[in-house]
Amino acid sequence: MFSRRLFAAVTAVLVFATGASALSLGTNITIPDKVYSTATGWYGQQEDNEVEPGNIATQAWDLEGFFLSGTTLAMVGGYDFVRGVTSGGHTFTSGDLFIDVDGDAQYGPVNTKSGGAYPALALNDTFGYDFVLDLDFATKTYAVIRLDEGASTLMSSVYYAQNDESNPWRYLSGGTVLAANQSLGYVAGLTDTGFAGDWHNAVFVDLSFLGHGADFTVHFTMECGNDNLMGQGALPAPEPGTLLLLGTGLLGLLAWRRRH
């Protein structure tokens, strides 16, 4: 199901990319990830030109921000979400989008493993997130999964122990699939987004499954945890016309029941 809103948002960016229009991603809903150092501008409380302390501070590793337009969520970064980035002979790939709707999301535990670089660990922890969008950049699709607390739900930790605050990285198993094969929008090579850096890439997904007026927190990181991207927003409430139509329908139903 490729929603009309998502299709319109991606089309607007594609038009911009050809130089015919201005880019409009919506409202910036990015929030600081609470992990920073004042030693250098790359480690501040902003997200543009910021990665996790002690990590690679270049455009290829930088996640910039989340934007919300209606029910369409856009994620922007210099990072190549489709191909990942190779360092030291290892390609660090994209993770999944995790969503919290009841306000108890954790910003990743620290020291779930001790020092150094390790293959990612399977963690029996939802980190307070209620949903995950299991992203497949090879097919440009994703699945919507409701997460359940319990032994059946497994997440993958990030590759480097120093970046545990960026957890979780990727969904592994458990929960309930609400929708599969949802179309994922993607635009690469944007050069005029208002962010620092020579190029940016944008990912688009549809959050309408959360329902009108839903408040949410969203999280994304890449396999190494080099940058922890967080956002908070709310989906639009039903339009007055929709509420009026619903109320009229309910009144009609009550009248029908009284007659019968």
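Let me start with what surrounds Thr221. Leaving out residues up to four places away in sequence, Thr221 touches Leu63, Ser94, Gly95, Val158, Ser166, Pro168, Trp169, Asn226, Asp227 and Asn228. Contact here means heavy atoms within 4.5 Å. Thr221 sits in strand 16; strands are DSSP runs of E of at least two residues, helices are runs of H or I of at least four, and both are numbered from the N terminus. Thr221 has 0% relative accessibility, so it counts as buried. Buried means under 20% relative accessible area, exposed over 50%, and partly exposed in between, with a 1.4 Å probe and protein chains only. A polar atom of the Thr221 side chain lies 2.8 Å from the backbone oxygen of Asp227.

A word on the source. This is a predicted model, where local features need pLDDT of at least 70 and side-chain atom pairs count only at pLDDT 80 or more, while totals for chains, interfaces and linings use all residues. Residues are numbered from 1 along each chain as its sequence is written, and side-chain values use heavy atoms, with hydrogens and water left out.

Now the whole chain. The secondary structure comes to two helices and 17 strands. Of the 260 residues, 45% count as buried. Among contacts with a separation of 6 or more, 66% are between residues 24 or more positions apart.

Next, the cores. A nonpolar core is a set of buried Ala, Val, Leu, Ile, Met, Phe, Trp, Tyr and Cys residues joined through side-chain atoms within 4.5 Å. The largest has 34 residues, and Phe66, Phe81, Leu97, Leu133, Leu135, Leu207 and Phe216 touch the most other members. Strands that each supply at least two residues of this core include strand 3 (63–69), strand 9 (131–136) and strand 16 (215–221). A second, separate core has 14 residues, including Ile31, Phe98, Leu147 and Tyr171.

What does Phe81 contact beyond its neighbours within four places in sequence? The list includes Leu63, Met75, Phe137, Tyr186 and Phe220. Phe81 also belongs to an aromatic cluster with Tyr79, Phe137, Tyr186 and Phe220.

Last, aromatic pairs. Rings of Phe, Tyr and Trp (its six-membered ring) pair if their centres lie within 6.5 Å; planes under 30 degrees apart count as stacked, over 60 as edge-to-face and the rest as tilted. The whole structure has eleven such pairs. For Phe92 and Tyr159, the ring centres are 5.4 Å apart and the planes at 75 degrees, so this pair is edge-to-face. Phe92 is in strand 6 (residues 90–92) and Tyr159 in the loop between strand 11 (154–156) and strand 12 (170–173), so the pair ties together parts 67 residues apart in sequence. Both Phe92 and Tyr159 are buried.

Technical notes
A polar contact is a pair of N or O atoms within 3.5 Å; within protein, one must be able to donate a hydrogen and the other to accept it, and residues adjacent in sequence count only if both atoms are side-chain atoms.
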